[in-house]
Amino acid sequence: MSDTSPQGVLVCDKPQGLTSHGVVSRIRRWYGTRKVGHAGTLDPMATGVLVLGLGRGTKLLGYITGVSKTYLATIRLGSATPTDDADSEPDLFAEASALSAVTDTRIAQGVSALTGPIDQVPSAVSAIKVNGQRSYARVRAGEEVELKARRVEISNFTILDTRYSVAEGHIDVDVEVDCSSGTYVRALARDLGTSLGVHGHLTALRRTRVGAFGLDQAVTIPDDLDTEAPALTPLAEVARTLLLSVHVDAGEAKALMQGKIIPWQAGDIVPARASDSSTVDAADAGAAVEVAGGAEHEGGASAEVAVIFGTELVSIAEVRADGGLKSLTAFAIDLA
């Protein structure tokens with residue numbers, strides 16, 4: 001019997017004040033299913049793109065979590081908070097003379113220094129685990145937590161507007177940030193303020209993009225969850241935005257789901273795409289062959305592809321240099 005529960009991916013516009021887990025809870029009620037997960041936490045004060053997987057869609061969340069992201073944010077220079085954002089009250093304040101010395105040029109220099117590959121120390125009040133316990137839990141229990149720096153990539157850090165209110169004790173800087181997974185934008189605010197000698201924290205944060213998923217695709221969660229829930233993005237469509245893909249026939253699909261290895265050819269590989277229906281070209285196929293051919297470890301596993309039968313996602317499979325595809329994650333579709 002086929003599974004009739006919701007299967008797919010949903011892009012939500014998370015409202016302010018709601019945790020990511022709170023969004024998951026509401027989506028469970030809206031779609032009438034327990035199997036819901038999200039691809040990357042947004043802090044309660046933040047809004048914007050939150051990608052959720054329902055049913056077998058949860059199996060794709062790991063691939064979505066690691067993609068790049070875009071944010072719009074407001075950095076307030078002049079004060080710091082324990083959480084590096086507006087979810088807590090300011091507890092450190094800049095000297096008036098130091099704030100008065102901040103100029104557009106100095107802000108631009110500080111932003112430039114935080115652009116590119118950087119070693120960032122995450123905010124202590126974060127979900128990072130320290131000896132098996134969330135960092136924020138340790139901080140709230142009164143512990144002093146020092147997290148290790150991690151390498152992140154800030155590919156774009158653009159100043160959109162600057163508003164000077166020195167007499168009121170702050171300067172607000174609106175920015176757009178494109179960054180790698182694992183980046184803390186509130187840590188950027190903290191570090192910009194520190195570099196200028198005036199402290200800093202976030203007062204607003206909106207995520208506008210997660211990989212290929214943007215606000216233009218996002219749905220607003222209604223207050224009345226009795227309203228009809230929108231259709232989910234099908235698994236195969238999502239997988240094609242994340243991975244190279246291979247189309248197979250029913251026999252090959254069955255073999256993969258049974259754990260067997262099936263042969264592949266370079267011409268079978270279709271490039272990842274956002275929404276178009278373009279076919280593979282020589283360069284894309286060549287890249288896949290090069291990746292597979294460069295494998296050195298035992299078994300020849302070298303790359304991952306989405307395997308599709310008709311309009312259904314069959315499997316995420318590894319491309320092997322020895323001439324086969326082997327399923328890593330099967331989606332147990334009905335081949336009848």
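Which residues does serine 79 touch, not counting residues up to four places away in sequence? They are Pro90, Leu92, Phe93, Val198, His199, Gly200 and His201, where touching, or contact, means heavy atoms within 4.5 Å. This is a predicted model, so local features need pLDDT of at least 70, side-chain atom pairs count only at pLDDT 80 or more, and totals for chains, interfaces and linings use all residues. Residues are numbered from 1 along each chain as its sequence is written, and side-chain values use heavy atoms, with hydrogens and water left out.

**The chain as a whole**

- The protein chain has nine helices and 19 strands; helices (H or I, at least four residues) and strands (E, at least two) are DSSP runs, numbered from the N terminus.
- Of its 336 residues, 46% count as buried. Buried means under 20% relative accessible area, exposed means over 50%, and partly exposed is in between (1.4 Å probe, protein chains only).
- Take the contacts in the protein chain with a separation of 6 or more: residues 24 or more positions apart account for 68% of them.

**What UniProt says**

- An unreviewed UniProt entry lists Asp43 for "active site". UniProt positions are given in the numbering used here, feature names are shortened, and annotations may be inferred rather than shown by experiment.
- You'll find aspartate 43 in the loop between strand E2 (36-38) and strand E3 (47-54).
- Aspartate 43 counts as partly exposed because its relative accessibility is 24%.
- Leaving aside neighbours within four places in sequence, aspartate 43 is in contact with Lys14, Asp85 and Arg186.
- The unreviewed UniProt entry also has the annotation "domain: tRNA pseudouridylate synthase B C-terminal", which covers residues 186-223.
- That span, residues 186-223, is 29% helix and 34% strand, and its end C-alpha atoms lie 29 Å apart.

**Strands side by side**

- Start with strand E4 (residues 69-77), which is mostly covered, as seven of its nine residues are buried.
- E4 runs antiparallel to E11, and nine bridges join them; two strands pair if DSSP finds at least two bridges between them.
- In that pairing, threonine 70 has aspartate 178 in E11 as its bridge partner.
- E4 also pairs with strand E12 (residues 200-210), in the antiparallel sense over nine bridges, and here arginine 76 stands opposite histidine 201.
- E10 and E11 form a hairpin with four residues between them, and glycine 169 in the turn has a positive phi of about 90 degrees.
- Strand E10 (residues 150-165) is also joined to strand E7 (residues 116-120) by five bridges, again running antiparallel. Glutamine 120 has arginine 150 in E10 as its bridge partner.

**Helices**

- Helix H4 (residues 104-113) packs against helix H6 (residues 185-196) at an angle of about 130 degrees, with their axes 10 Å apart. Axes are lines fitted to C-alpha atoms, for helices over the stretch in contact, and angles run from 0 to 180 degrees between N-to-C directions.
- H4 and H6 are therefore oblique to each other: angles under 35 degrees count as roughly parallel, over 145 as roughly antiparallel, 65 to 115 as roughly perpendicular and the rest as oblique.
- On the H4 side, Arg106, Ile107, Gly110 and Val111 make the contact, and on the H6 side Leu192, Ser195 and Leu196 do.
- Helix H7 (residues 235-242) has six of its eight residues buried, so it is largely enclosed by the rest of the structure.
- The buried residues of H7 are Leu235, Ala236, Val238, Ala239, Arg240 and Thr241.

**A few single residues**

- Back to serine 79: its place is in strand E5 (residues 79-80), and it counts as buried because its relative accessible area is 6%.
- Alanine 98, in helix H3 (residues 96-100), is partly exposed at 21% relative accessible area.
- Not counting residues up to four places away in sequence, alanine 98 touches Gly197 and Val198.
- The C-alpha atoms of alanine 98 and glycine 78 are separated by 8.8 Å, with the two residues 20 apart along the chain.
- Glutamate 252 lies in helix H8 (residues 250-257) and is partly exposed, with a relative accessible area of 26%.
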